[in-house]
Amino acid sequence: MSLYHSRIASSGSYLPQRVMTNSELEQMVETSDEWIVARTGIRERRIAAENEMTSDLALKAALNAIDAANIDAQDIDLIVVATTTPDLVFPSTACLVQERLGIRGCPAFDVQAVCAGFIYAIDIADKFIKTGTATKALVIGAETFSRIIDWQDRNTCILFGDGAGAVILERSSEPGVVSSILHADGRYADLLCVPVGVSSNYQKVVQGEAYTTMQGSEVFKVAVKKLGESIDEIIVQNQLVYDDIDWMVPHQANIRIISAMAKKLKLPMERVIVTVDTHGNTSAASIPLALDTGIRDGRIKRGQKLILEGFGGGFAWGGTLINY
Ligand code: UT7
């Protein structure tokens, strides 16, 4: 048994101002509002301004969470940023955020697990706190996913959006982050990827053609299967029954995947935080954005049990049980 535990002290989030509706996408690719809503549940998404970087979104979400926790930024002794769309190849976005918060010296690094990034980041920060290495961790999920979208590709461009969410995880005597499970399976890498990078096909990056490609229906099938198994794993690991869960806070990829997971947990949709309609899929930012939405509108209350879950490129996936 660990001497220390971590709990969520506060949350924060930030969305870029620009709203892109489905009707705008109808002008760009052969699609329809009706198709997008029926197949994904998405009605609109936010798009970062040209001069707005992932670190800008991350910083605003972080300040929002710091304010809500009523702490000084100097109290933070660990920064973990989950992102697939860092400002730069390096330094990490976490280091850029650290500098802008005026913090010196604490460890700061990025985590890359695409849409499962926030689940990975929470688990890592929880382990720093459990081992006594950190006492107040700033954990952020932030993306400018619009930058790696081919706006001519209707298979992907209707799905994604930009945003950031953050939590302050702090040392506590009782478990707040109860347990996490993480999985990955690289066999599926080709089904969802940006097939270029720094050490492969770099010319395409230079030409501005680093785009997300996806075989949607294949991804869909594996996502439903693996997320379902993960939920059972969390329930069994913690000796719970489905009815113990107050809220599901899922990655917001597709309302049909979210509904399938709610059904699996035997949760009515009234106990699921859904933001996919207005945020789209914001990758690593989607879970903390949904969490902050549920906390700030008063639905998620102290003492309740939450399951956070996410699935994405890699494939990488996982879930976390939280006593909020
Ligand atoms: O966050 C990371 C994890 N990502 C996910 O979990 C995404 C998982 N996948 C999905 O959410 C869904 O597979 C999509 C929303 C991407 C697609 O929905 P689907 O029900 O799997 O559709 P589909 O790919 O099987 O396509 C059905 C039809 C096709 O036409 P045909 O071949 O039946 O004539 C597509 O060409 O819909 C067509 N289609 C579109 N039509 C209008 C594909 N994209 C569009 C579009 N607008 N944007």
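In which loop is K266 found? K266 sits in the loop between α8 and α9 (276–279), where helices (H or I, at least four residues) and strands (E, at least two) are DSSP runs numbered from the N terminus. This residue has a positive phi of about 55 degrees although it is not a glycine. Most residues other than glycine have a negative phi, and most peptide bonds are trans.

The structure is a predicted model, in which local features need pLDDT of at least 70 and side-chain atom pairs count only at pLDDT 80 or more, while totals for chains, interfaces and linings use all residues. Residues are numbered from 1 along each chain as its sequence is written, and side-chain values use heavy atoms, with hydrogens and water left out.

Two cis peptide bonds come up next. One joins F90 and P91, with omega about 0 degrees, and P91 has its place in the loop between β4 and α4 (93–101). Another runs from G314 to F315, with omega near -10 degrees; F315 belongs to the loop between β12 and β13.

Now to the ligand. Domain 1 (5–174) and domain 2 (178–323) both give residues to the shell around the ligand, so it lies between them; the domain bounds come from an automatic or database domain assignment. There are 24 residues around the ligand, and T31, R39, H251, N254 and N281 come nearest (a residue is near a molecule or strand if one of its heavy atoms lies within 4 Å of it). By class, the shell has eleven nonpolar, nine polar and four charged residues. Here Ala, Val, Leu, Ile, Met, Phe, Trp, Tyr, Cys and Pro count as nonpolar, Asp, Glu, Lys and Arg as charged, and the others, Gly among them, as polar. At least two shell residues come from each of α2 (33–40), α7 (216–237), α8 (255–264) and β12 (305–312), and α7 gives the largest share, four residues.

Several side chains put an N or O atom within reach of a polar contact (a pair of N or O atoms within 3.5 Å; within protein, one must be able to donate a hydrogen and the other to accept it, and residues adjacent in sequence count only if both atoms are side-chain atoms). For R39, such an atom is 2.8 Å from an oxygen atom of the ligand. For R154, the distance to a ligand oxygen is 2.9 Å, and for W35 a ligand nitrogen is 3.4 Å away. On its own the ligand has 950 Å² of accessible area, and the protein covers 72% of that (Shrake-Rupley method with a 1.4 Å probe; for residues, only the protein chains shown count as cover).

As for the sheets, five strands form an open one in the order β1-β7-β6-β4-β5, with mixed pairing; two strands pair if DSSP finds at least two bridges between them. Its edge strands, β1 (5–14) and β5 (108–111), each pair on one side only. β4 (residues 78–82) and β5 pair in the parallel sense over four bridges, and A82 stands opposite V111 in β5.

Another open sheet has four strands in the order β8-β13-β12-β11, again with mixed pairing. β8 (177–184) and β11 (247–250) are at its edges with a single partner strand each, so one side of each is left without a neighbour in the sheet. β8 and β13 (residues 316–323) run antiparallel and are joined by seven bridges, with I322 in β13 as the bridge partner of V177.
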